[in-house]
Amino acid sequence: MFKHRISTYKGEFVNFLKNGYGVEIFANGVKYTGMYENGKPHGKGRYDWHEGSYYEGMFVKGLR
């Protein structure tokens, strides 16, 4: 587990970057669950916002 002032991350690392499956919870309550590549969401993932809305789908280099 990696804790930072802006988020908490539990998952895989490669060369000190988030890589593979992981869960990140940001200080504002937003949660990302899914795949990472080179430190960014990449592949299938899901963002959950604290008010109940979510986006589930594919990410490419951090963008949906």
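Guide: The chain has 6 strands and 0 helices, where helices (H or I, at least four residues) and strands (E, at least two) are DSSP runs numbered from the N terminus. This is a predicted model, in which local features need pLDDT of at least 70, side-chain atom pairs count only at pLDDT 80 or more, and totals for chains, interfaces and linings use all residues. Residues are numbered from 1 along each chain as its sequence is written, and side-chain values use heavy atoms, with hydrogens and water left out.

From the N terminus on, the order of elements is β-β-β-β-β-β. Along its principal axes the C-alpha trace spans about 35 × 25 × 15 Å. Buried residues (under 20% relative accessible area, with exposed over 50% and partly exposed in between; 1.4 Å probe, protein chains only) make up 25% of the 64 residues.

Lys18 counts as buried because its relative accessibility is 18%. Its side chain joins that of Glu24 in a polar contact of 3.0 Å. A polar contact is a pair of N or O atoms within 3.5 Å; within protein, one must be able to donate a hydrogen and the other to accept it, and residues adjacent in sequence count only if both atoms are side-chain atoms.

Leaving aside neighbours within four places in sequence, Lys18 is in contact (heavy atoms within 4.5 Å) with Tyr9, Glu12, Phe13, Glu24, Tyr36, Glu37, Asn38 and Gly39.
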